[in-house]
Amino acid sequence: MTIPQSSNDAQPKPSGIKVVVVGAGFGGLTAAIECHRQGHNVEIYESFPELKSLGDIISFGPNAGRIFRRWSNGAVVDRMTPLSINLENHGFKIHKWTGELVHTQLAHKPNPEAPVFNGHRGELHTVVFNHAKDDLGIPIHLGQRVTKYFEDETQAGIVFENGNKVTADIVIGADGVRSQARELVLGYFDKPKSSGYAVFRAWFPNTDMIKDPRTKHFCENGDTFNGWIGPDVHFLFSTIKNGQDCCWVLTHKDEEDIKESWSLPGKLEDVYKVIEGWDPLCKAIVEKTPSLVDWKLVYRDPLPKWVSEHGRIALLGDSAHPFLPTSAQGATQAMEDGVVMAICLRRAGKGSVPAAVRAYEYIRYERVTAVQKTGETTRDMWHKADWEAVAKDPASIQLPREDWIFGFDAENNAEAVFDEAVKKFL
Ligand SMILES: Cc1cc2nc3c(=O)[nH]c(=O)nc-3n(C[C@H](O)[C@H](O)[C@H](O)COP(=O)(O)OP(=O)(O)OC[C@H]3O[C@@H](n4cnc5c(N)ncnc54)[C@H](O)[C@@H]3O)c2cc1C
């Protein structure tokens with residue numbers, strides 16, 4: 001059987017399926033872009049009143065690059081590349097907290113079919129947002145906070161603060177770690193748990209770094225990426241856009257209960273306490289920081305399900321599965337979700353939307369749960385490092401690059417496994 005696939009933005013055959021996406025993060029935007037590619041009629045509703053360049057460093061693995069690459073035949077990748085770190089010359093230099101260089105992990109061999117991106121979340125998000133809105137003409141309704149979700153056998157819908165309603169064949173709740181859609185899907189409120197860690201994070205221009213002879217070399221020779229690993233803590237520092245911007249993240253123990261806000265202003269004094277007795281270079285970097293946030297790492301055990309009773313509301317991205325940053329796969333897995341959802345809907349057709357949505361969950365669940373665990377394994381590998389063993393095998397401390405994660409093509413896989421998956425739900 002020949003499977004019809006759309007490999008670019010050419011308008012595919014309309015499926016007649018109306019999709020509403022809640023949330024314009026990377027998960028929601030990808031779901032909408034992929035739904036458009038597969039011929040569905042899609043709109044996004046987002047609570048932010050305007051697009052703002054928020055956040056700091058975010059990573060996309062080659063399994064995300066394969067997805068970006070298909071958008072507008074590579075035009076989106078061309079816009080993202082200059083915003084992303086280029087480590088071809090530098091690699092990732094891994095130090096013991098005391099300063100000694102333990103290992104240099106070489107950069108990925110560039111693969112034009114599956115590029116990797118590490119850059120400012122807001123800048124990369126703007127590229128994707130504008131692609132959806134301007135290149136593809138997907139309606140993105142800003143300033144629309146969804147307060148309620150509903151469904152029956154034939155349709156699903158959302159309700160806004162002003163009482164207005166929108167209905168569709170399917171609603172995708174890509175509304176992030178504090179998802180409201182999740183409450184409807186689960187039938188109860190699932191409070192996020194503290195992971196036991198928080199991350200101090202900062203992004204700033206290199207102005208003060210280049211004035212200091214101890215730190216200027218990080219900004220004068222292209223991009224750099226250095227890590228310092230200590231007991232139950234790690235500090236990562238990058239320079240980006242040819243050394244123009246600086247970014248650091250410090251993951252540290254934090255037992256505080258999760259409050260309403262999970263990203264709070266951080267204090268330099270608290271950072272200094274964590275890195276006391278460390279390589280003095282770490283303090284030399286941190287003291288240049290104009291402002292920082294203390295980002296509480298929220299975690300959830302895998303949810304029992306991502307799909308509502310009637311199969312018309314589905315969770316996607318962080319609403320279904322928040323990730324720890326040490327997996328460097330949170331945004332990438334949200335994107336893979338969007339690809340798979342759009343394909344399942346096209347393959348099942350308008351008459352079988354609930355089966356399509358259940359097939360999406362079935363195809364994604366096991367893989368996502370396994371990738372989620374890598375956030376813990378990588379963190380523990382660093383935080384509990386046996387330095388004598390590392391001295392004998394320095395490569396054992398490097399960031400894992402597992403082929404089952406990075407070599408995966410979500411689109412090809414979904415096309416291949418769909419028929420078997422959907423049979424279970426028809
Ligand atoms: C402001 C912000 C900054 C971030 N910064 C970073 C960062 O620096 N580094 C990093 O690794 N990760 C960051 N993340 C998280 C990262 O983007 C996500 O983990 C990942 O991309 C998965 O994306 P998602 O689309 O599932 O969720 P999110 O990116 O969280 O997107 C969810 C979207 O849903 C919207 N939304 C929520 N509730 C409603 C509602 N009731 N009605 C309508 N819309 C709603 C939110 O405004 C948000 O835009 C950030 C997320 C946000 C929202």
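Helix α2, spanning residues 62-70, is mostly covered, with 8 of its 9 residues buried, where buried means under 20% relative accessible area, exposed over 50% and partly exposed in between, with a 1.4 Å probe and protein chains only. Helices (H or I, at least four residues) and strands (E, at least two) are DSSP runs numbered from the N terminus. The model is predicted, so that local features need pLDDT of at least 70 and side-chain atom pairs count only at pLDDT 80 or more, while totals for chains, interfaces and linings use all residues. Residues are numbered from 1 along each chain as its sequence is written, and side-chain values use heavy atoms, with hydrogens and water left out. The buried residues of α2 are Pro 62, Asn 63, Ala 64, Gly 65, Arg 66, Ile 67, Phe 68 and Arg 70. Just after α2, Ser 72 adopts a positive phi of about 50°.

The chain contains 12 helices and 18 strands. Its radius of gyration is 22 Å, close to the 22 Å given by the globule rule for 426 residues, so the chain is as compact as a globular protein of that length; the radius is taken over C-alpha atoms, and the rule is 2.2 Å times the number of residues to the power 0.38. The C-alpha trace spans about 65 × 45 × 40 Å along its principal axes, and 56% of the 426 residues count as buried. Of the contacts (heavy atoms within 4.5 Å) between residues at least 6 apart in sequence, 75% join residues at least 24 apart. The accessible surface of the chain comes to about 18,200 Å², and 52% of this surface belongs to carbon and sulfur atoms, with areas computed by the Shrake-Rupley method with a 1.4 Å probe and, for residues, with only the protein chains shown counting as cover.

Around the ligand there are 29 residues, of which Gly 27, Glu 46, Asp 56, Arg 121 and Asp 318 come nearest; a residue is near a molecule if one of its heavy atoms lies within 4 Å of that molecule. By class, this shell holds 12 nonpolar, 10 polar and 7 charged residues, where Ala, Val, Leu, Ile, Met, Phe, Trp, Tyr, Cys and Pro count as nonpolar, Asp, Glu, Lys and Arg as charged, and the others, Gly among them, as polar. A backbone N or O atom of Gly 27 lies 2.8 Å from an oxygen atom of the ligand, a polar backbone atom of Ile 57 is 2.9 Å from a ligand nitrogen atom, and a polar side-chain atom of Asp 318 lies 2.5 Å from a ligand oxygen atom. The ligand taken alone exposes 920 Å², 85% of which the protein buries. Two or more residues of the shell are given by each of α1 (26-37), β3 (57-60) and α8 (330-348), and α1 gives the most, with 3 residues.

Asp 318 is also among the residues touched by Arg 182, together with Gly 176, Val 177, Gly 187, Asp 190, Arg 300, Leu 303, Leu 315 and Ser 319, when residues up to four places away in sequence are not counted. Arg 182 lies in helix α5, residues 181-186, and is buried, with a relative accessible area of 3%. Arg 182 and Ala 314 are 132 residues apart in sequence, yet 8.5 Å apart in space, C-alpha to C-alpha.

Key. Polar contact = N/O pair within 3.5 Å; in protein donor to acceptor, adjacent residues only side chain to side chain.
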